[in-house]
Amino acid sequence: MEQKTDLDEFEIPFAQRTYLRNTNSSLLKKIIIFSPFLFLLFSLTVLRFVENMEIASLNIFFPKTEKNQDGRILGHLPYKEISKEKLVLIEPNIEVHIDMKDSLLKMREEARKDGIYLVFLSGYRSINLQNEIFYSLKSIRNQVAFERARVSAPPGYSEHSTGFAIDIGDATQRETDFETGFENTNAFKWLLKNAAKFHFKLSFNKNNKYIDYEPWHWRYEGSIEALKVFESSNRKS
Ligand SMILES: [Zn+2]
């Protein structure tokens, strides 16, 4: 009996020490087991934060966005607004970049000699005006941004704000203004054959996967400034 008591007294402190050591190691095991989860949780939190920051910065321009590395939004490249001193009025309500004025007027003149009557429908448009067009027409036509962007550029993404874009119609077939049917007019056929001589190019042809075909919309690439403006577009398309 006496021997057993001694043994008990000896064993209790030993068991306590073992118990304490076990507590430490099980805590360590728990940390090791859960550390990948903690790391994952931390990473997800950081990722969420970065994503929110990116979305917030894009939302300044456009609430619903599709963007890649060349800065396109819904297929449209960004364009700066031309400075006012480079704009010239070529007829009431039509302003264009001074670099393209002579070439554009000469093109209309040459067309007239061939019995073709070109009408200028729209030249320079400010980002504010583009904003009105994009958002008002979008709501009138009950379209979401993605649908509207197929036929009109979001503000800040229109070639018209550079002063180097011109929408052209046929004076003898005004019902085709801004319509795909413009491609069947004599004016369009003449442009296809002759516009390049005056440094004009069709911006949105039938192969563009984001933007609808716009036979009426031409851009000028006859000056260094114009080539710089459209460099990115010519490289990617
Ligand atoms: Zn246009």
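Two housekeeping notes come before the details. Residue numbers start from 1 along each chain as its sequence is written. Because the model is predicted, local features need pLDDT of at least 70 and side-chain atom pairs count only at pLDDT 80 or more, while totals for chains, interfaces and linings use all residues.

**Overall layout**

The chain holds seven helices and six strands; helices here are DSSP runs of H or I with at least four residues, strands are runs of E with at least two, and both are numbered from the N terminus. Along the sequence they come in the pattern α-β-β-α-β-α-α-β-α-β-β-α-α. Of the 237 residues, 24% count as buried. Buried stands for 20 or more other C-beta atoms within 10 Å of a residue's own, exposed for 12 or fewer, and partly exposed for anything in between, with C-beta atoms placed from the backbone. Among contacts with a separation of 6 or more, 64% link residues 24 or more positions apart; a contact needs two C-beta atoms, placed from the backbone, within 7 Å.

**The sheet**

Four strands make an open sheet in the order β3-β4-β6-β5, with antiparallel pairing. β3 and β5 sit at the edges with a single partner strand each, so one side of each has no neighbour in the sheet. From one strand to the next, the twist averages 45°; the axes behind such angles are lines fitted to C-alpha atoms, and angles run from 0 to 180 degrees between N-to-C directions. Strands count as paired if DSSP finds at least two bridges between them, and here are the pairs:

| Strands | Bridges | Sense |
|---|---|---|
| β3 and β4 | four bridges | antiparallel |
| β4 and β6 | three bridges | antiparallel |
| β5 and β6 | three bridges | antiparallel |

For some landmarks, Phe120 has Ile168 in β4 as its bridge partner, Ile166 stands opposite Trp218 in β6, and Lys201 is bridged to Arg219 in β6. Strand β6 (residues 217-220) is covered on both faces: His217 and Arg219 are buried on one side, Trp218 and Tyr220 on the other.

Met100, Leu104, Met107 and Ala111 are buried in α2. These residues cover an arc of only 60° around the axis, so they lie on the same side of α2. The arc is taken over the directions from the helix axis to the C-beta atoms. Lys106, Glu109, Arg112 and Lys113 are exposed on the other side of α2. Just after α2, Gly115 takes a positive phi of about 80°.

In helix α5 (residues 186-194), the buried residues are Ala187, Phe188 and Leu191. They span an arc of only 95° around the axis, which puts them on the same side of α5. Their cover includes β3 (118-122) and β4 (165-170), whereas Leu192 and Lys193 on the other side of α5 are exposed.

Most residues other than glycine have a negative phi. Asn93 is not a glycine, yet has a positive phi of about 75°. Asn93 lies in the loop between β1 (87-91) and β2 (94-97) and is exposed, with 10 other C-beta atoms within 10 Å. Phe178, also not a glycine, has a positive phi near 60°. Phe178 lies in the loop between β4 and α5 and is partly exposed, with 15 other C-beta atoms within 10 Å.
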